[in-house]
Amino acid sequence: MCESCGCGSHGPETIVVRENLLAANDRVAAHVRKHFDAHRVLAINLMSSPGAGKTSLLEATIAALPPGLRVAVIEGDLETENDAERIRRHGVKAVQITTGVACHLDATMVHDALDEISLDDVDILFIENVGNLVCPADFDIGQHRNVVLLSVTEGDDKPEKYPVIFRNADLVLITKTDLLPYMDDFDMGRALRAVQRLRGGGRTKDVSARTKQGLDGWLDWLVAELAAKRAPQPAAVA
Ligand code: MG
């Protein structure tokens, strides 16, 4: 159980504590987002179950980045520096946050990690959240976009079981699609219908970090989101 978000607790007192905690987190998240905006950085919150392939996707993404696109990564895990080290092997700045007992990142953790990143040298900051389909959905960490991964190895019923995180996703990525021929119990149609029911016409893409199938579409989405973020805002109507 996560001790910081009270996800296993019940009762009116814990509900009040939790609401105060979330409000305080939202204030820090707004502050973090101002940092990103001041440096024209697009921040992406990557969320999924453990083992859905977030770090592998990032490695494949880094290897295929268009020339001139600069990225950095914040890694969230309960323990170990392993994922940050995987990213650093590609020559990309990576800061590891170890959360101990907390099952999600919060805005203060991300704010602290920013001390180690020169945002002027970054176009897109990926924040790989702790592997968990529940708690990360509740905590704003200053991101601009939420990307949720669903791997074909974890079952086509996950969107129905964990609706909140999928509903709030700006993009759902079906990952490990190279394994589809071996996963005869994963019904892509069922998974997509469930995602669609939760998100209406929200974007869904599929990708294999191993074979690179679908990687171009994901990169195109990132480039378009960065361009949209940096486009001049229309003047306010008087
Ligand atoms: Mg990882």
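This is a predicted model: local features need pLDDT of at least 70, side-chain atom pairs count only at pLDDT 80 or more; totals for chains, interfaces and linings use all residues.

Me: Okay, metal first: which residues are the protein donors of the magnesium ion?

Reply: The protein donors are T55 through OG1, D83 through OD and E128 through OE, and they lie 2.0 to 2.1 Å from the magnesium ion. Along the chain these donors follow the spacing T-x27-D-x44-E, and the pair of T55 in helix 2 (residues 54-63) and E128 in strand 4 (residues 124-128) links distant parts of the chain, 73 residues apart.

Me: And T55 and E128, buried or exposed?

Reply: T55 is buried, and E128 is buried as well.

Me: Changing topic, what does strand 5 pair with?

Reply: Strand 5 (residues 145-151) is mostly covered, with 6 of its 7 residues buried. Strand 1 (residues 42-47) pairs with strand 5 in the parallel sense over 4 bridges, and strand 6 (residues 171-175) runs parallel to strand 5 and is joined to it by 5 bridges.

Me: Which residues stand opposite each other there?

Reply: I44 stands opposite R145 in strand 5, while L149 has L173 in strand 6 as its bridge partner.

Me: Now the aromatics, how many pairs are there?

Reply: The count comes to 2 aromatic pairs. In one of them, the rings of F126 and W218 have their centres 6.4 Å apart and their planes at 40°, so that pair is tilted. Because F126 lies in strand 4 and W218 in helix 8 (residues 215-230), the pair ties together parts that are 92 residues apart in sequence.

Me: What about W218 and W221, how are their rings arranged?

Reply: The rings of W218 and W221 have their centres 5.9 Å apart and their planes at 15°, so this pair is stacked. W218 and W221 are 3 residues apart in helix 8, which means that about one helical turn separates them.

Me: So which residues do the ring pairs link, and are those buried or exposed?

Reply: Ring pairs link F126, W218 and W221 into a cluster; F126 and W218 are both buried, and W221 is buried too.

Notes: Residues are numbered from 1 along each chain as its sequence is written. Side-chain values use heavy atoms; hydrogens and water are left out. Donors are N, O and S atoms within 2.8 Å of the metal (3.2 Å for Na, K and Ca); water is not among the atoms, so sites may look incomplete. Helices (H or I, at least four residues) and strands (E, at least two) are DSSP runs, numbered from the N terminus. Buried means under 20% relative accessible area, exposed over 50%, partly exposed in between (1.4 Å probe, protein chains only). Two strands pair if DSSP finds at least two bridges between them. Rings of Phe, Tyr and Trp (its six-membered ring) pair if their centres lie within 6.5 Å; planes under 30 degrees apart count as stacked, over 60 as edge-to-face and the rest as tilted.
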